[in-house]
Amino acid sequence: NHYEIEKFKITGKTLSWNAMVFCIMVKSKVKRYLDSLSDFSEWIYIVDPLNKKGGYDLKNPVTKNGILKMLSSKYTLIKIREADWAFSTIANWGGVKELIFKNNT
């Protein structure tokens, strides 16, 4: 369960894959989640709307700049692009982004 992410005891190189997760979380939960992922993930891959509208009409959704700020101290953004699969065509979401980060350590 995601609410117990702090209990994960993963070893070795790990890719964290998150698709359409952060658009349904408030910013404080996203930060907690990313802080926990950074303890064991060499790579983080995110697919989310990450715009000011968000996917589910949250009042203050996490944005692309918010994600960049949350990860900037431990990760380098390797690539960002528009998603080229079904979610990218959902007009009211303003498009969906794919972001790939690599741990700096």
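Tutor: Begin with contact, which means heavy atoms within 4.5 Å. Before using it, note that this is a predicted model, in which local features need pLDDT of at least 70 and side-chain atom pairs count only at pLDDT 80 or more, while totals for chains, interfaces and linings use all residues. Residues are numbered from 1 along each chain as its sequence is written, and side-chain values use heavy atoms, with hydrogens and water left out.

Student: Which residues does L71 touch, not counting residues up to four places away in sequence?

Tutor: L71 touches L34, I44, I46 and F101. L71 itself lies in helix α2.

Student: Is L71 buried or exposed?

Tutor: The terms go by relative accessible area: buried means under 20%, exposed over 50%, and partly exposed in between, with a 1.4 Å probe and protein chains only. L71 has a relative accessible area of 2%, so L71 is buried. Of the 105 residues of the chain, 39% count as buried.

Student: How are the helices and strands defined, and how many does the chain have?

Tutor: Both are DSSP runs numbered from the N terminus: helices are H or I with at least four residues, strands are E with at least two. The chain comes to 2 helices and 4 strands. From the N terminus on, the order is β-α-β-α-β-β.

Student: How do I read a pair of helices?

Tutor: Two packed helices are described by the angle between their axes and the distance between the axes. Axes are lines fitted to C-alpha atoms, for helices over the stretch in contact, and angles run from 0 to 180 degrees between N-to-C directions. Here the axes of helix α1 (residues 27-37) and helix α2 (residues 64-71) come within 10 Å and cross at roughly 40°.

Student: What is such an orientation called?

Tutor: Angles under 35 degrees count as roughly parallel, over 145 as roughly antiparallel, 65 to 115 as roughly perpendicular and the rest as oblique. α1 and α2 are therefore oblique to each other.

Student: Which residues of α1 and α2 meet?

Tutor: K27, V30, K31 and L34 in α1 meet I67, M70 and L71 in α2. By class, this contact has 5 nonpolar, no polar and 2 charged residues. In that scheme Ala, Val, Leu, Ile, Met, Phe, Trp, Tyr, Cys and Pro are nonpolar, Asp, Glu, Lys and Arg are charged, and the others, Gly among them, are polar.

Student: How do I read aromatic rings?

Tutor: A pair of aromatic rings is described by the distance of the centres and the angle of the planes. Rings of Phe, Tyr and Trp (its six-membered ring) pair if their centres lie within 6.5 Å; planes under 30 degrees apart count as stacked, over 60 as edge-to-face and the rest as tilted. The structure holds 1 aromatic pair. The ring centres of F22 and Y33 are 5.5 Å apart and the planes are at 75°, so the pair is edge-to-face. F22 is in the loop between β1 (15-19) and α1, whereas Y33 is in helix α1, 11 residues apart. Both F22 and Y33 are buried.

Student: Where are K64, P61 and D39, and how accessible is each of them?

Tutor: K64 lies in helix α2 and counts as partly exposed at 28% relative accessibility. Leaving out residues up to four places away in sequence, K64 touches L50, I80 and L99. P61 is found in the loop between β2 (43-48) and α2, and P61 is buried, with a relative accessible area of 5%. D39 lies in the loop between α1 and β2 and is exposed, with a relative accessible area of 64%.
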